[in-house]
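Let's take a friendly walk through this model together. Keep the sequence and the 3D view open side by side as you read.

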Amino acid sequence: MKNKEAFFKHITEGNTFKGDSITLGAAMLEGKTITDAYVKVPLKTMNRHGLIAGATGTGKTKTLQVLAENLSEKGIPVLLMDIKGDLSGLAQPSPGHPKIDERHQKIGLPFDAKAFPVEIMTLSEQDGVRLRATISEFGPVLISRILDVTETQAGIISVIFKYCDDNQLPLLDIKDFKKILHYATGDGKKEFEEAYGRISTASTGAILRKLIEIEQQGGDLFFGETSFETQDLLRIDENGRGYINIIRLTDIQDKPKLFSTFMLSLLAEIYSTFPEQGDSGRPELILFIDEAHLIFNEASDALLSQIESIVKLIRSKGVGLYFVTQNPTDVPEEVLGQLGLKVQHALRAFTAKDRKAIKLTAQNYPDTAYYDTAEVLTSLGIGEALVSALDEKGKPTPLAATMMRAPMSRMDILTKSELSKLLSDSQLAKKYNKEIDRESAYEMLNEKIKQAEAEEAKAKAAEEKEKLKKAESKRKTSTRRRSSRQNPLLKVLTSPTVIRSVLGILTKMIR
Ligand SMILES: Nc1ncnc2c1ncn2[C@@H]1O[C@H](COP(=O)(O)OP(=O)(O)O)[C@@H](O)[C@H]1O
Ligand SMILES: [Mg+2]
């Protein structure tokens, strides 16, 4: 009993903050929920990233749902990577359940069923707001990292971008990029050689092969216009609640390259467009990545180090990243070390390897006089988790086995008709779901090749004629020929893509 009172005080004091916070549930001691001993996360440290881990079926996705709902309610927009497609229910209120009432009674929190403002997005042809980006926006550095090319090939990619920049050729989609690669060693070979030195066919061939790999994973759907503006992730509804943007990635599991490409471009774009955050005491945007091992497992070393540095940098923009995965070891050490909030659901101890992992996991939590952490890790029930957050000074809050609150929205997906209603009401779908293929590098280079051929033919004809007319006219011909070579261009496009920096949004953050 004494122990219980001391524990209550320990938890309550450790979860009292100056600023606003989110309540996750109530602390548990010796398997019993201690009513009103609330476990919270201060909004102020939510940009310090986090991890939600645990075996299958222990409650990770519901924890994500709870966090998303409460952030939305505080006016903070959220972006969810929904790999299994089980989060769309956020748009409908919970039907309620006696078990939910029981849970909330134990915690000491009222239960309100509510729907939240939701926007459904997609990288492919599934229903949802289409998320796209242009090749130009990626810039040569990021494209090289994504394609995982050699240094020489990366050099060629830089030259290609420079050429397109110099010549106002918008690189929008994969078709454009392929065209210019062919051009550099084909029709445009001489022009490139004079301006930038020789480019080998072997190198462009290697780049093309990597490009095709991305294309086969659906990259042709992702690269192009209308390019998504990250500001649209920050919408607040008429009731002051943050939008919950759900990216449906159910068809992405066999396309890890595309997924990591997308993730990295999104983070880079956020990093380059969001203003530096002062001490606002609350995050601007929170991102959740369910089944996060998917991005880490298939990523190249270059890509991984890129992700690590972005995770570090993006904090200052008020953006928090939350990884949801079965095992903490799915997340690279470097990233793991930077995570502020840890919500660890039950782990299973089937094998010796499991037991070792549990020991390691337990060591990552703050010391506590109230628990044997490793033992608690295996005895937690469904919808219960060990929680440790960062307080407003950046110190860990008391470790608490927590009875998590239930989601206020539906713990199941939307029906087909609910989904199509949501989409037909969507403002963003109207903005982004138009197909456009405006004149870009592909068309312009084709035009250029045609023009060059026409001019060449004309020049040849003239030459023949002049030959007959002899000596004096020879000079003229050569001038004309030279000028035809020096006249590559083509109309100047005041396209937003060109303005949004053909050299890439990332150059300043990549060292
Ligand atoms: N916080 C919670 N409140 C109520 N029920 C929960 C909660 N967490 C988990 N559950 C129950 O457990 C089931 C599995 O949870 P889920 O989050 O899908 O597991 P995971 O993502 O870890 O595989 C849910 O369908 C729900 O019935
Ligand atoms: Mg899940």
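A residue is taken to be near a molecule when its C-beta atom, placed from the backbone, lies within 6 Å of that molecule. Bear in mind, too, that what you are looking at is a predicted model.

With that in hand, turn to ligand 1. There are 16 residues around ligand 1, and those that come nearest are Gly-59, Lys-60, Thr-61, Lys-62 and Gly-383. Two elements, helix 2 (60-73) and helix 3 (98-107), each give two or more residues to this shell. Helix 2 gives the most, with 4 residues. Sorted by class, the shell around ligand 1 holds 6 nonpolar, 7 polar and 3 charged residues.

Now let's look at how some of the helices pack. Two packed helices are described by the angle between their axes and the distance between those axes. Start with helix 8 (residues 201-222) and helix 6 (residues 174-185), which pack at an angle of about 170 degrees with their axes 10 Å apart. Because angles over 145 degrees count as roughly antiparallel, helix 6 is roughly antiparallel to helix 8. On the helix 6 side, the contact is made by Ile-174, Phe-177, Lys-178, Leu-181, Ala-184 and Thr-185, while helix 8 brings Thr-201, Thr-204, Ile-207, Leu-208, Leu-211, Glu-215, Gly-219 and Asp-220. By class, the residues of this contact comprise 7 nonpolar, 4 polar and 3 charged.

Helix 8 has another partner to visit. Helix 5 (residues 151-166) packs against helix 8 at an angle of about 90 degrees, again with the axes 10 Å apart. Helix 5 and helix 8 are therefore roughly perpendicular to each other. Here Thr-152, Gln-153, Ile-156 and Ile-157 of helix 5 meet Ser-203, Thr-204, Ala-206 and Ile-207 of helix 8. The residues of this contact are 4 nonpolar and 4 polar, with no charged ones.

For another pair, find helix 4 (residues 135-147) and helix 9 (residues 256-273). Their axes come within 11 Å and cross at roughly 150 degrees, and the two helices are therefore roughly antiparallel to each other. The crossing of helix 4 and helix 9 is right-handed. Phe-138, Leu-142 and Ile-146 in helix 4 meet Thr-261, Leu-264, Ser-265 and Ala-268 in helix 9. This contact has 5 nonpolar, 2 polar and no charged residues.

Next, a look at the backbone. Most residues other than glycine have a negative phi, and most peptide bonds are trans. Glu-30 has a positive phi, near 45 degrees, and lies in the loop between strand 1 (21-29) and strand 2 (32-42). Thr-226 lies in the loop between helix 8 and strand 7 (244-248).

Finally, how confident is the predictor? The mean pLDDT of the chain is 87, and 91% of its residues reach 70 or more. Over residues 479-511, however, the pLDDT is below 50; this stretch has 53 contacts in the model beyond near neighbours in sequence.

Definitions and conventions: Residues numbered from 1 in each chain as written. Chains lettered and ligands numbered in written order. Predicted model: local features only at pLDDT ≥ 70, side-chain atom pairs only at ≥ 80, totals over all residues. Axes fitted to C-alpha atoms, helices over the stretch in contact; angles between N-to-C directions. Parallel < 35°, antiparallel > 145°, perpendicular 65-115°, else oblique. Contact = placed C-beta atoms within 7 Å. Nonpolar A, V, L, I, M, F, W, Y, C, P; charged D, E, K, R; others polar. pLDDT = per-residue confidence, 0-100. Left-handed = near helix turned anticlockwise from the far one by under 90°.
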